[in-house]
Each structure stands twice: as C-alpha cells, then as structure tokens.
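Please open the structure in a viewer and keep the selection tool at hand.

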Amino acid sequence: MLALVYKSTWDVALEERPVPAITKDNQVLVRIRATGVCGTDLGIVSGKYHAVPSVILGHESAGEVISVGKEVTSLQPGDRVVINPTYYCGHCEMCRTGRENHCTSKSVTETGVSADGTFTDYYITEDRFLYKLKDHVSYEEATLTEPLSCILTGINQIHLLPNLRTVILGAGPIGILYSYALASKGVTGCLVDISKDRLAIAGSIAPERWQVHETFQAAVQAQAPEGHQVDLIVDTTGAVGTQVLSNLAHGGYLMLMGLRDGNSTFNPKEVVDRSLKIIGSIDSVGTFATAHYLIEQGIIPGKKIITHTFPLDQYEQAFQTLGCDLSERTLNPSSQAIKVILQSN
Ligand SMILES: [Zn+2]
Ligand SMILES: [Zn+2]
C-alpha cells in the first residue's frame with residue numbers, strides 16, 4: 001500500500017509499505033477511505049511539532065472494516081466506521097486518573113505522530129477505538145469527529161453559560177467546529193480571521209446568530225461595546241498569547257488550542273485578583289461518542305466545512321491549499337480552504 005511518510009522537516013514522500021496484519025484478538029483491520037489534513041500534520045511537516053521519522057502521517061480518519069480478531073463481536077467486515085486515533089493503555093497513572101489523553105505510552109502510540117497513521121490504505125486498531133457510521137454519514141464528514149472531540153474536551157473545562165460573551169480567534173476548521181460546539185450549548189459569539197477569503201467562507205457557514213470579524217478588537221467591540229471585555233476567548237491560531245487578557249472580563253476564560261511556540265508572560269497577580277482562567281487542552285478524553293453523535297445528527301454541517309478533497313497521491317496540492325508549500329518550504333497561516341480531506345481509493 002502507498003503511505004504518506006514523514007522523513008524529516010519539510011521532507012515527506014509516498015512510500016510503499018506492507019499491509020499491516022492483525023496480531024491480537026481484539027484488533028480490527030480498517031480500509032481507510034478518508035483522512036482530514038490537520039494543523040498538526042502541517043506543524044509536523046514544517047518542524048513545529050515533533051514526530052518520529054518514518055512514521056505514516058494522518059489521524060482524522062474513517063473507513064471500512066475488512067477483518068476482525070477472534071474476540072471482536074461488535075463489528076464485522078463491511079461495517080463503516082470512524083476511528084478514535086487517541087490510543088490509551090488504560091493502565092498507567094494518567095489513564096487511571098481520567099487523563100487518558102496524556103497516557104504515558106503516547107510517545108510510541110500517538111497515531112500519525114509516534115505510531116503509523118492513516119494517510120494510507122490500511123490501518124489496524126482495537127475494536128474499542130471504532131464507532132459505526134450510519135449510512136447517511138459520509139466518510140469525509142466522519143473525519144471531523146476527531147477534531148470535534150478535542151474541542152468538546154476543551155469545552156468540558158469551561159463552566160459554560162449561554163450568555164458567555166465569546167470570541168474565537170481563527171476561522172479555520174477548528175474555529176468553525178468550535179463555534180458549532182458552543183452553539184450546540186446555546187452560546188453565541190464572533191469568529192475572527194486575518195484572511196478575508198476565509199472570513200467570507202466562515203461568514204456563510206457560521207452558526208446562526210454568530211458574527212465574523214477581521215480583527216480581535218472589532219469582535220470585542222461587537223460583543224462588549226461598553227466594557228470591551230468578553231468572557232471567553234478561544235485561540236485556535238497559536239499566534240496569540242496572554243496579551244489578550246486585558247480584554248477578558250473578571251472570571252473569564254482564555255482557552256489555548258493550536259500549536260504554538262515561544263513564551264508568553266502574564267502577571268500572576270492579575271490572574272488571581274481577577275479570577276482569570278488560562279486553559280490548555282490537547283487531544284480528547286471521553287468526548288468521542290458525543291462528537292460522533294453531533295455529526296450523525298447533522299448538528300455540525302460537515303459538508304460545508306469540508307471545502308476540498310484530494311486523492312492521497314495529490315497530497316502536495318492538498319497541503320498547498322492549506323498554505324503549506326512543500327517545495328518552497330513555507331507555511332502561510334491563512335488560506336482559502338477550511339477543511340481539506342485526502343481520500344484513499
Ligand atoms: Zn487533528
Ligand atoms: Zn495509559
């Protein structure tokens with residue numbers, strides 16, 4: 001099978017790999033049909049996020065069950081499934097204290113980062129990481145389950161009220177999925193993006209009563225015309241630091257998602273005196289089934305969020321569409337695409 005392999009920074013290539021074989025009775029062999037291109041993939045390629053050389057990239061995926069181990073009773077060949085790629089052992093200190101997203105085996109089990117991923121034709125996982133798809137849910141839409149699950153894990157750390165004045169920085173797939181996840185809980189707010197193209201698309205697909213703005217300040221002004229302070233700021237761009245705290249109301253939340261490098265300073269006294277909450281969130285824990293439900297019920301408009309699909313062998317064009325130029329070795333943060341999917345044949 002052909003697989004998109006990470007070799008080193010800015011060096012990825014399609015390579016022939018053997019089809020993996022089931023070695024344990026609880027395993028399932030899945031024929032991959034679609035995998036979303038994620039900011040993490042672009043981060044790995046551009047050297048911002050560490051991955052193990054020669055690993056197959058890709059982790060937001062759906063496909064068809066080909067064969068199952070002897071102990072698997074809930075799935076059979078032909079079933080359409082979405083894959084939870086966040087492996088956890090269930091036995092380590094992190095797993096036994098509700099932090100499966102930080103399982104200590106992650107350094108060798110993280111799909112598409114430290115263990116072979118799904119930008120290829122076949123993938124093996126355990127039955128507990130697979131969720132059946134209803135006929136009306138396409139493989140492409142189903143690939144949004146994983147990023148949505150990460151978002152729901154973040155949201156679970158917020159004491160959410162429908163009247164939280166909210167600004168989301170970045171109108172890419174994570175920003176838009178975030179707006180829908182919050183809207184499903186009654187929250188309205190603003191999406192901000194520096195790219196006019198992206199903002200135009202976001203404006204046409206954002207949830208009802210949500211606004212889009214070109215600048216953070218314009219969004220704050222729209223949400224809080226008097227005090228210029230909002231209750232929840234979600235940064236999906238990785239470009240924002242704690243300088244936005246002055247626009248956060250007492251007791252407010254700064255949610256940090258997205259890859260980032262460099263340091264940001266904050267005044268601990270301000271955080272204490274104003275009861276501010278700065279929250280980091282990575283991967284998902286306990287939210288995959290809910291994300292699966294939201295997509296199955298059509299609460300997330302997957303078809304609109306997916307703006308481009310490419311066959312796997314056109315991965316260079318797919319990355320290019322997201323502002324990642326493999327030949328020029330440049331990563332432009334804005335692009336005309338929202339979600340880009342690679343399809344295995
Ligand atoms: Zn991802
Ligand atoms: Zn563990």
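This is a predicted model: local features need pLDDT of at least 70, side-chain atom pairs count only at pLDDT 80 or more; totals for chains, interfaces and linings use all residues.

**First stop: zinc ion (ligand 1)**

Select the zinc ion (ligand 1) together with Cys38, His59 and Glu60. These residues coordinate the ion through SG of Cys38, NE2 of His59 and OE of Glu60, at 2.1 to 2.3 Å. Along the chain, the donors follow the spacing C-x20-H-E. Cys38 belongs to the loop between strand 3 (27-36) and helix 1 (39-45), and His59 to the loop between helix 1 and strand 4 (60-68), so the pair ties together parts that are 21 residues apart in sequence.

**Second stop: zinc ion (ligand 2)**

Next, select the zinc ion (ligand 2) with Cys89, Cys92, Cys95 and Cys103. The SG atoms of these four cysteines are the protein donors, lying 2.4 Å from the ion. Their spacing along the chain is C-x2-C-x2-C-x7-C. What is the arrangement of the 4 donor atoms around the zinc ion (ligand 2)? The arrangement is tetrahedral, because the donor atoms subtend angles of 104 to 117°. For four tetrahedral donors, the ideal angle at a metal is 109.5 degrees.

Now select residues 145-155, which form helix 4, and residues 173-183, which form helix 5. The axes of helix 4 and helix 5 come within 10 Å and cross at roughly 55°; the two helices are therefore oblique to each other. Their crossing is right-handed. To display the contact, show Pro147, Leu148, Ile151, Leu152, Gly154 and Ile155 in helix 4, which meet Ile174, Leu177, Tyr178, Ala181 and Leu182 in helix 5. By class, this contact has 10 nonpolar residues, 1 polar residue and no charged residues.

The crossing of helix 4 and helix 9 is right-handed. On the helix 4 side, display Thr145, Glu146, Leu148, Ser149 and Leu152; they meet Phe288, Thr290, Ala291, His292, Leu294 and Ile295 in helix 9. The residues of this contact divide into 6 nonpolar, 4 polar and 1 charged.

How values were computed:
Residues are numbered from 1 along each chain as its sequence is written. Chains are lettered from A and ligands numbered from 1 in the order in which they are written. Side-chain values use heavy atoms; hydrogens and water are left out. Axes are lines fitted to C-alpha atoms, for helices over the stretch in contact, and angles run from 0 to 180 degrees between N-to-C directions. Helices (H or I, at least four residues) and strands (E, at least two) are DSSP runs, numbered from the N terminus. A crossing is left-handed if the near helix is turned anticlockwise from the far one by less than a right angle, and right-handed if clockwise. Contact means heavy atoms within 4.5 Å. Ala, Val, Leu, Ile, Met, Phe, Trp, Tyr, Cys and Pro count as nonpolar, Asp, Glu, Lys and Arg as charged, and the others, Gly among them, as polar. Donors are N, O and S atoms within 2.8 Å of the metal (3.2 Å for Na, K and Ca); water is not among the atoms, so sites may look incomplete. Four donors count as tetrahedral if all angles lie between 85 and 135 degrees; four count as square planar and six as octahedral if opposite donors are over 155 degrees apart and all others between 65 and 115; anything else is irregular. Angles under 35 degrees count as roughly parallel, over 145 as roughly antiparallel, 65 to 115 as roughly perpendicular and the rest as oblique.
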